[in-house]
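Open the structure in your viewer and keep the selection tool at hand. The tour goes from stop to stop, saying what to select and what is there.

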Amino acid sequence: MLKYAKIINEETKQCEVGLGTNAEFYKSIGMTQQDVEQSDVDNCWYLKEYCPHKSEEEKEREERERINQLSLTKREVFLAIYRDKQITPEQIRSMLTTDEARIEFDYANDYFRGNPLIGQLGEALEYTSEQLDTLFETGEL
């Protein structure tokens, strides 16, 4: 994108960029219109052809980490499941196969998407990983 910019690092082609509309001011401090892009690696501006970008794998990993940190209260999870399948918390609890899962189920205040218990519940209730992601992003199935 064309913006008034000045290269501040000749090696990396990192730039200072004028983000306003005062072209005369930017010219007066040595900026010229250049094709620049903001990096998703460090949020700095670079000449477009030198701009570093995250790999698709990095973007996917970061998105998975973000989703895994989403949480819902126990009430929100139970209501969403009940509305979708008319299954009560007691019925859900009976599907859990380990004491550790039952303890976590009984005593957690919130459930995080990345918690293995959520994966177990999803499997027991025949939800896909995508459906569970949607639950934690929207609160609905």
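## Stop 1: a cluster of rings

Select Tyr4, Phe25 and Tyr26: pairs between their rings link these residues into a cluster. Keep in mind throughout that this is a predicted model.

## Stop 2

Now colour the strands. Four of them form a closed barrel in the order E1-E2-E4-E3, and the pairing is antiparallel. On average, and ignoring direction, neighbouring strands of this sheet are turned by 65° against each other. Strands of a sheet are paired through backbone hydrogen bonds, in either a parallel or an antiparallel way.

Go through the pairs one by one:

- Select E1 (residues 2-9) and E3 (residues 32-38): four bridges join these antiparallel strands. Lys3 has Gln34 in E3 opposite.
- Select E1 with E2 (residues 14-18): this antiparallel pair has five bridges.
- Select E2 with E4 (residues 45-47): two bridges join these strands, which run antiparallel. Gln14 has Tyr46 in E4 as its bridge partner.

## Stop 3: a pair of rings between helices

The model has four aromatic pairs. One of them is formed by Phe78 and Phe105; select both and turn the view until the two ring planes can be seen. The centres are 5.3 Å apart and the planes make an angle of 45°, which makes the pair tilted. Why does this pair tie together separate parts of the sequence? Phe78 belongs to helix H3 and Phe105 to helix H5 (residues 99-107), so the pair connects parts that are 27 residues apart in sequence. Are Phe78 and Phe105 buried or exposed? Both are buried.

## Stop 4: the cavity

The structure holds one cavity of 30 Å³ or more, and the volume of the largest cavity is about 50 Å³. To find it, select the lining: Val77, Ile81, Ile118, Leu121, Gly122, Leu125, Tyr127, Leu132, Leu135 and Phe136. Which elements give two or more residues to this lining? They are helix H3 (74-85), helix H6 (116-124) and helix H7 (129-138). Colour the lining by residue type to see nine nonpolar residues, one polar residue and no charged ones.

Terms used
Residues are numbered from 1 along each chain as its sequence is written. This is a predicted model: local features need pLDDT of at least 70, side-chain atom pairs count only at pLDDT 80 or more; totals for chains, interfaces and linings use all residues. Side-chain values use heavy atoms; hydrogens and water are left out. On a 1 Å grid over the protein atoms alone, a cavity is a set of points where a 1.4 Å probe fits but cannot get out, and a pocket is an open set with protein on both sides within 12 Å along at least five of seven lines; lining residues have an atom within 4 Å of a point. Grid points are joined across faces, edges and corners, and a volume is the space filled by probe spheres set on the points. Ala, Val, Leu, Ile, Met, Phe, Trp, Tyr, Cys and Pro count as nonpolar, Asp, Glu, Lys and Arg as charged, and the others, Gly among them, as polar. Two strands pair if DSSP finds at least two bridges between them. Axes are lines fitted to C-alpha atoms, for helices over the stretch in contact, and angles run from 0 to 180 degrees between N-to-C directions. Rings of Phe, Tyr and Trp (its six-membered ring) pair if their centres lie within 6.5 Å; planes under 30 degrees apart count as stacked, over 60 as edge-to-face and the rest as tilted. Buried means under 20% relative accessible area, exposed over 50%, partly exposed in between (1.4 Å probe, protein chains only).
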